Amino acid sequence: MEPMTRPPAVSQSRRLALVTLDWLPAWMLSTWGATWLATPTFDRLAARGVALDAVMAAGDDMQATLQAVVGPACGLLEQQQIPSSLLVTDATAVSRSADFSCFQDVFEEPASAAEQCQEDEEDTALGQLFLEAEDAVAAMTEDACWLWCHAGSLGTVWDAPLDFRDCLVDEDDPLPPRSAAVPSRVVGPGDDPDLVLGVRQAFAGQVMLADRMLGRLLEAIDQEASQGRPWTVIVAGLRGMPLGLHQQVGVPELGQPVLLPYADLVQMPVLVADAAGRMEGQRYGGLLAAEDVGELCRDLLEGKQQSRLSGLLERWECEPRPRLVSETQRGLAVLTSEWRVVVDQAGRGGQVESTAEDLSPRSPQVFAKPDDFFEQVDVADRCPGVAEEVLAASRGASAADDAPDGC
């Protein structure tokens, strides 16, 4: 990031709109480099805020990632420090979770699996969810309030009108799938590449629909800002939909191999558009964890500047994490600014044979960062010793974290 002068002091808004989207991969957004589909709302939000390029989830457990992002600020609700709070979601696992029962009001618009795509975008699962969130904005007029809109339907139904996916088809391409059902299969070298292409086009239609509906929510928020009630907006993806970069296409079903924590699964696209315009149009590439986003949410609602990311907004300074570890039931990955090391700990049949605490390399894969964005070129043979070094450093850091005070 280019050096910048210290920003002027600004008054802080304690109105926060947090939008979380499960199964949204960073690499499918034009903000993160996708050139074959348009997501103008995400781009517009990035232009008025800061894009965080290297936020990583600790794994593929959606509830755990949500707890990291939402949990710190939930403490303020439990202490009744925020007079108005609303959760709008299409996922019953979220709306009925005891972890998030602290919200003053909860609106549930459950998404359900379907075979047929909708003809009108407002009739889709994403459309109905975001329309409820849009209507809620004008009613939340308190000086401190929190609107959380959580979308889980990217893993449930792809029901955007067919025009959304069909507009991405080239002249020589076959039509993408006609169904709204979310696929689930493992592809191999002998499978038709048009199959993966069609699934990606169908999913891209959902992403473009999400972009369109997010735009309507931002229009409602901008209207409130014009009335002297500005909002900070944070948009975050929680985990990425597998789309054939590493064999899996769609949400894995029971009996299929569980996923490894490659970047397409655990990289979280995060945009922060501060109500006061701090860090407008900037990108930050330092390593961050989901907990860092959660601590920022707490600071924004509390009106404090104690978190790592509050320093980025307040002083344009942020100390990145030296390394991050992500785990799934199948294996783990250690990420530094230069490398991602992925260790497959599964035996035959996809069953895990060792625990996540065992960081001994088992045929580790090594990917150079940031050059290998899609993690397609394993350089373990060309860079001997890297895996052992990265894993040893991670093992040492874990031991230091677990050591009692005074050690």
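**View 1. Val 325 stands opposite Val 334 of strand S13.** This view shows strands S12 (residues 324-327) and S13, which pair in the antiparallel sense over four bridges; strands count as paired if DSSP finds at least two bridges between them. S12 and S13 form a hairpin with three residues between them. Strands here are DSSP runs (E, at least two residues) and helices are DSSP runs too (H or I, at least four residues), both numbered from the N terminus. Before moving on, please note that this is a predicted model, in which local features need pLDDT of at least 70, side-chain atom pairs count only at pLDDT 80 or more, and totals for chains, interfaces and linings use all residues. Residues are numbered from 1 along each chain as its sequence is written, and side-chain values use heavy atoms, with hydrogens and water left out.

**View 2. Strand S13 (residues 331-335) also pairs with strand S14 (residues 339-344).** Five bridges join S13 and S14, which run antiparallel, and Leu 332 sits opposite Val 343 in S14. These two strands also make a hairpin, with three residues between them. Which residues of S13 are buried on each side? Gly 331, Ala 333 and Leu 335 are buried on one side, and Leu 332 and Val 334 on the other. Buried means under 20% relative accessible area, exposed means over 50%, and partly exposed is in between (1.4 Å probe, protein chains only).

**View 3. Strand S9 (residues 267-273) is covered on both faces.** Seven of its seven residues are buried. Gln 267, Pro 269, Leu 271 and Ala 273 belong to one side, while Met 268, Val 270 and Val 272 belong to the other. S9 runs antiparallel to S2, joined by five bridges, with Ala 51 opposite Leu 271. Four bridges join S9 to strand S7 (residues 232-237), again antiparallel, and here Val 233 stands opposite Ala 273.

**View 4. The second largest pocket holds about 390 Å³ of space.** A pocket is an open set of points on a 1 Å grid over the protein atoms alone, with protein on both sides within 12 Å along at least five of seven lines; a cavity is a set where a 1.4 Å probe fits but cannot get out, and lining residues have an atom within 4 Å of a point. Grid points are joined across faces, edges and corners, and a volume is the space filled by probe spheres set on the points. Of the 20 residues lining this pocket, Asp 53, Ala 54, Gly 285, Leu 287 and Pro 370 are the closest to its centre. Strand S2 (residues 50-56) gives the largest share of the lining, three residues.

**View 5. One cavity of 30 Å³ or more is found in the whole structure.** The largest cavity has a volume of about 60 Å³. Among the residues that line it are Trp 27, His 246, Asp 264, Gln 267 and Phe 373.

**View 6. Pro 174 lies in the loop between helix H5 (162-166) and strand S6 (184-186).** Is Pro 174 buried or partly exposed? Pro 174 counts as partly exposed because its relative accessibility is 38%. Leaving aside neighbours within four places in sequence, Pro 174 is in contact (heavy atoms within 4.5 Å) with Val 169, Asp 194 and Gln 201. The C-alpha atoms of Pro 174 and Asp 194 are separated by 7.4 Å, although the two residues are 20 apart along the chain.
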